[in-house]
Amino acid sequence: MDFKAISAAVDDDFLKVNDFIFKQLHTHVPLIKEIGNYIIDSGGKRLRPLVCLLSARALGYQGDQHIEVAAVVEFLHTATLLHDDVVDESSLRRGKASANEVWGNAPSVLVGDFLISRSFQMVVNVGNMKILKILSNATNLIAEGEVLQLVNCKNPDTSEDQYMEVIRYKTAKMFEASAQSGAVLAQPDSATEQAFATYADHLGCAFQLVDDVLDYNGSADTMGKNVGDDLAEGKPTLPLIYALQHASESEKQLIRSAILTGGLENIDAITNTVKECGALEYTMQKAREKAGLAKQAIDDVSDSIYKEALMALCDLAVQRNH
């Protein structure tokens with residue numbers, strides 16, 4: 001199944017989420033709406049809302065609160081993108097100029113703050129204390145992940161375990177919160193609820209690990225960001241961490257220097273090293289392991305088109321080229 005076939009399982013729900021998102025961007029401050037519309041309507045797949053919708057439906061939920069919860073998830077995710085691009089000084093997001101590139105850092109940060117505060121207005125309206133707890137905890141852990149990444153930035157001694165902690169917090173946690181919140185609406189037993197959280201945690205890690213590979217294998221046109229961005233920012237992603245353990249001494253020194261200083265002066269040489277020492281295949285294998293664990297987590301859930309779509313997302317995560 002491709003993404004279109006996966007999302008088709010909840011097409012009607014997706015349309016309602018989109019409508020709800022743009023209604024919630026209503027404000028008497030035009031700049032907020034302008035920036036909010038710009039980034040929310042910039043071509044993202046809305047994976048996290050999709051996971052929320054599919055999780056609720058896979059457990060037989062028949063109400064409509066999953067629409068609001070999915071919109072909350074997208075608002076929170078969008079806020080992190082706005083803040084990320086400012087911190088990383090990124091100029092490209094989803095194939096076009098980032099909001100901070102167009103409007104500057106201050107408006108981007110402040111609109112990100114607006115989206116977070118609006119998110120919690122929305123989730124309070126849902127009236128489910130458990131979901132409020134899940135999403136507030138997730139938001140806090142994502143912020144911790146951002147700081148952990150900042151600490152690891154330009155640190156060539158970052159370990160694989162330290163890096164996996166960052167991506168579990170920074171990327172996988174919102175996937176996890178999306179699935180768990182959707183599942184909670186169906187009021188399952190605690191084991192089933194946890195199964196969906198575990199599924200999405202592994203799925204989120206798989207997506208991020210493949211992103212790490214695409215930073216060396218992709219192109220700006222397909223990825224929607226500049227190839228080599230992570231290296232330019234001195235981020236020690238898993239391919240670099242692996243290469244630092246398996247490359248020659250001269251190659252290791254080149255990589256260490258690039259991480260310490262940031263920049264792309266030696267991008268071609270480092271890319272060749274990363275490819276030749278097996279770092280990309282190692283990272284892909286880790287992604288495939290995570291995708292397999294995600295599938296395993298919900299294996300006992302009753303079969304449905306929604307479960308099939310959730311399983312297909314795991315395959316999509318490791319087969320995509322952008």
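Predicted model: local features only at pLDDT ≥ 70, side-chain atom pairs only at ≥ 80, totals over all residues.
Trainee: What makes H16 roughly antiparallel to H17?

Mentor: Start with the angle. Helix H16 (residues 279-297) and helix H17 (residues 305-319) pack at about 175 degrees. Their axes are 9 Å apart. Angles over 145 degrees count as roughly antiparallel, so H16 is roughly antiparallel to H17.

Trainee: Which residues of H16 and H17 meet?

Mentor: H16 brings Met-284, Ala-287, Arg-288, Ala-291, Ala-294 and Lys-295. H17 answers with Met-311, Cys-314, Asp-315 and Val-318. By class, the contact of H16 with H17 has seven nonpolar, no polar and three charged residues.

Trainee: What is the hand of the crossing of H2 and H4, and which residues make the contact?

Mentor: The crossing of H2 and H4 is right-handed. Asp-13, Phe-14 and Val-17 of H2 touch Leu-50, Leu-53 and Arg-57 of H4. Four of these contact residues are nonpolar, none is polar and two are charged.

Trainee: Is the crossing of H14 and H15 left-handed or right-handed?

Mentor: H14 passes H15 in a left-handed crossing. Glu-251, Leu-254, Ile-255 and Ala-258 of H14 contact Ala-269, Ile-270 and Thr-273 of H15. That contact divides into five nonpolar residues, one polar and one charged.

Trainee: Now the empty space. How do you know where it is left?

Mentor: A probe the size of a water molecule is rolled over the atoms, which shows where empty space is left.

Trainee: What is the volume of the largest pocket, and which residues are closest to its centre?

Mentor: The volume is about 1,300 Å³. Of the 50 lining residues, Arg-48, Leu-81, Arg-93, Gln-208 and Asp-211 are closest to the centre.

Trainee: Which elements supply at least two residues of that lining?

Mentor: Among them are H4, helix H5 (65-88), strand E1 (92-93), helix H8 (129-152), helix H9 (160-185) and helix H10 (190-217). The lining of the largest pocket has 15 nonpolar, 16 polar and 19 charged residues.

Trainee: How many cavities of 30 Å³ or more does a search of the whole structure find?

Mentor: The search finds one. The largest cavity holds about 40 Å³ of space, which is over the 30 Å³ used in the search.

Trainee: What lines the largest cavity?

Mentor: Tyr-38, Ile-39, Ser-42, Arg-93, Lys-96, Ala-97, Ser-98 and Ala-99 do. Helix H3 (30-40) and strand E2 (96-97) each give two or more residues to this lining. By class, the cavity lining has four nonpolar, two polar and two charged residues.

Methods. Residues numbered from 1 in each chain as written. Heavy atoms only, no water. Axes fitted to C-alpha atoms, helices over the stretch in contact; angles between N-to-C directions. Helix = DSSP H or I, 4+ residues; strand = E, 2+ residues; numbered from the N terminus. Parallel < 35°, antiparallel > 145°, perpendicular 65-115°, else oblique. Contact = heavy atoms within 4.5 Å. Nonpolar A, V, L, I, M, F, W, Y, C, P; charged D, E, K, R; others polar. Left-handed = near helix turned anticlockwise from the far one by under 90°. 1 Å grid on protein atoms, 1.4 Å probe; cavity = no way out; pocket = protein on both sides within 12 Å on 5 of 7 lines; lining within 4 Å. Points joined across faces, edges and corners; volume = space filled by probe spheres on them.
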